[in-house]
Amino acid sequence: KNQYTGGSLKVTGEGTIDANNKNGTFFLVGTEESGSTKKSTLMIDKNVKLINGAYAVWVQHADPAYASYNVKVDIYGSLSGIEPIYVSGNVKGTQGNVPVIWLHDGANIEVTRYDREVYIGGYAKMIIDKATITNTVKDGNALTISAGELEINGATIIGGDTVGKNVAGSGGAVDVTASSAVFVKQHTTNLPLKITINDGTFKAAVPFNQAAGQATTPEPDKITLSIKGGYFVSTGSAADGSVAVKSADKTGFISGGYFTSDPTAYKADG
């Protein structure tokens, strides 16, 4: 806390940063104090590529408060790795200037291992504007969120089209029987989740999947889902249980969109 000074880094120009299969490329830690004027910001420009890292962008907590306030990441370029974006599950601060990760128009994110994905495990806000996220292995999730807020505006997100291997990766959040474009599963911390999908194309065995929480006693009342539009294409086999949308805890959250299977069970009133 007393050593925190903040900082700003912009990676511009044109080129590639190769992590050489090490753990991380950029590691961000915020302040314990939400109202602090000190900030940690990172911008990856449109012609920059980050490759061969377990975590290209990693947001961690400020010990011992388990908060990471005043972190902002803006991504316009390309990230490729095992878990290209990772917010640690012990980032628990929920009030004030929580970490923000913004995938801007044209950003391209590639996941290169079946049991990993873009993973928001701790409390952060992710905004996706016409970016692309793809699980290139075609056997897992593209994006998983277990805490915080997710807002999607016109993205293309593609997960695997085969039944998942039912393995636990990313701190246990990914325990699936079918691959998803957007996978929602409340963390053991039972922090709030708010998912808003305004538009986009989502392709996977189960393009949108909200599974039961990880805690012994989950708190689904803290989960808010809203699908207002988008194109949800199930690319898996119906015999394997693949459908366009699935939820373990919620109904009444779909008010618009196109679906390749009947979403009536989740349709909002009116």
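Predicted model: local features only at pLDDT ≥ 70, side-chain atom pairs only at ≥ 80, totals over all residues.

Colleague: What is the phi of Lys 130?

Modeller: Most residues other than glycine have a negative phi. Lys 130 has a positive value although it is a residue other than glycine. Its phi is near 55°.

Colleague: Is Asn 70 buried or exposed?

Modeller: Asn 70 lies in the loop between strand E6 (55–60) and strand E7 (71–75). Asn 70 also has a positive phi, of about 65°, although it is not a glycine. Its relative accessibility is 6%, and the limit for burial is under 20%. Asn 70 therefore counts as buried.

Colleague: How many helices and strands does the protein have?

Modeller: The count of helices is 0. The protein has 23 strands.

Colleague: Why can the protein be called as compact as a globular protein of its length?

Modeller: The globule rule gives 18 Å for 270 residues. The protein is as compact as a globular protein of that length because its radius of gyration is close to that value, at 18 Å.

Colleague: What share of the residues is buried?

Modeller: The C-alpha trace spans about 55 × 40 × 35 Å along the principal axes of the protein. The protein exposes about 11300 Å², of which carbon and sulfur atoms supply 45%. Of the 270 residues, the buried share is 54%.

Colleague: Which residues of strand E17 are buried on its two faces?

Modeller: In a regular strand the side chains alternate between the two faces of the sheet. Strand E17 covers residues 182–185, and both of its faces are covered. The buried residues are Val 182 and Val 184 on one side, and Phe 183 and Lys 185 on the other.

Colleague: Which residue of E17 is the bridge partner of Thr 144?

Modeller: Strand E15 (residues 143–145) pairs with E17 in the parallel sense, over 3 bridges. The bridge partner of Thr 144 in E17 is Phe 183.

Colleague: Which residue of E19 is the bridge partner of Val 184?

Modeller: E17 and strand E19 (residues 208–211) run parallel and are joined by 4 bridges. The bridge partner of Val 184 in E19 is Gln 210.

Colleague: Which residues does Asn 209 touch, not counting residues up to four places away in sequence?

Modeller: Asn 209 belongs to strand E19. With a relative accessible area of 8%, Asn 209 is buried. Beyond those sequence neighbours, it touches Ser 180, Val 182, Phe 183, Val 184 and Lys 246.

Colleague: How far apart in space are Ala 19 and Gly 53, C-alpha to C-alpha?

Modeller: Ala 19 is placed in the loop between strand E2 (15–18) and strand E3 (24–29), and it is buried, with a relative accessible area of 11%. Not counting residues up to four places away in sequence, Ala 19 touches Thr 25, Ile 51, Asn 52 and Gly 53. Ala 19 and Gly 53 are 34 residues apart in sequence, and their C-alpha atoms are separated in space by 4.9 Å.

Notes:
Residues numbered from 1 in each chain as written. Heavy atoms only, no water. Rg over C-alpha atoms; globule rule 2.2 N^0.38 Å. Buried < 20%, exposed > 50% of the residue type's maximum accessible area, 1.4 Å probe, protein only. Areas by Shrake-Rupley, 256 points an atom, 1.4 Å probe, with all protein chains shown as cover. Pairing = 2+ DSSP bridges. Contact = heavy atoms within 4.5 Å.
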